Amino acid sequence: MAKKPGTNPKGEFAFFNVVYEDGSQRSNRRVPSELLGGLDGDEPARNFIREQDREIAEKSGRPPLEIKEIERVGAKKK
């Protein structure tokens with residue numbers, strides 16, 4: 001059964017665009033907000049995404065790609 005619009009809690013996830021060493025990009029990768037913030041900032045997102053990539057690569061039989069950079073969706077550029 002479909003959910004009513006607006007029933008998902010806001011701020012549960014942060015979204016990141018990921019650029020890999022080979023130049024490919026994945027958009028809107030979800031990371032739980034509870035992992036972010038504090039002194040480490042967005043660095044825990046890199047580790048979370050790296051672990052997701054490892055699991056995906058394991059299932060697909062391909063080696064995981066190395067992450068070149070991550071950028072939070074909607075963040076202002078410095």
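Visitor: Which residues does Arg46 touch, not counting residues up to four places away in sequence?
Guide: This is a predicted model. Arg46 lies in helix H1. Leaving aside residues up to four places away in sequence, the contacts of Arg46 are Ile67, Lys68, Glu69 and Ile70.

Visitor: Is Arg46 buried or exposed?
Guide: The relative accessible area of Arg46 is 18%. Buried means under 20%, so Arg46 with its 18% is classed as buried.

Visitor: How many Å apart in space are Arg46 and Phe16, C-alpha to C-alpha?
Guide: Phe16 belongs to the largest nonpolar core. In sequence, Arg46 and Phe16 are 30 residues apart. In space, their C-alpha to C-alpha distance is 9.3 Å.

Visitor: Which element gives the most to the largest nonpolar core?
Guide: This core has 10 residues, including Ala14, Val31, Leu36 and Ile70. At least two residues each come from strand S1 (13-20), helix H1 (43-60) and strand S3 (67-72). With four residues, the element that gives the most is S1.

Visitor: In which sense do S1 and S2 run, and how many bridges join them?
Guide: S1 and S2 form a hairpin with four residues between them. Gly23, in the turn, has a positive phi of about 95 degrees. Strand S2 covers residues 25-32. The two strands run antiparallel, and the number of bridges joining them is six.

Visitor: Which residue in S2 is the bridge partner of Phe13?
Guide: Another position, Phe16, stands opposite Arg29 in S2. For Phe13, the bridge partner in S2 is Pro32.

Visitor: Which residue in S3 is the bridge partner of Val19?
Guide: S1 also pairs with S3, in the antiparallel sense and over five bridges. In S3, the partner of Val19 is Glu69.

Visitor: Which residues does Tyr20 touch, not counting residues up to four places away in sequence?
Guide: Tyr20 is one of the residues of the largest nonpolar core, and Ile49 and Ile67 belong to this core as well. With residues up to four places away in sequence not counted, Tyr20 touches Arg26, Arg29, Ile49, Asp53, Leu65, Glu66, Ile67 and Lys68.

Conventions: Residues numbered from 1 in each chain as written. Predicted model: local features only at pLDDT ≥ 70, side-chain atom pairs only at ≥ 80, totals over all residues. Heavy atoms only, no water. Core = buried A, V, L, I, M, F, W, Y, C linked by side-chain atoms within 4.5 Å. Buried < 20%, exposed > 50% of the residue type's maximum accessible area, 1.4 Å probe, protein only. Contact = heavy atoms within 4.5 Å. Pairing = 2+ DSSP bridges.
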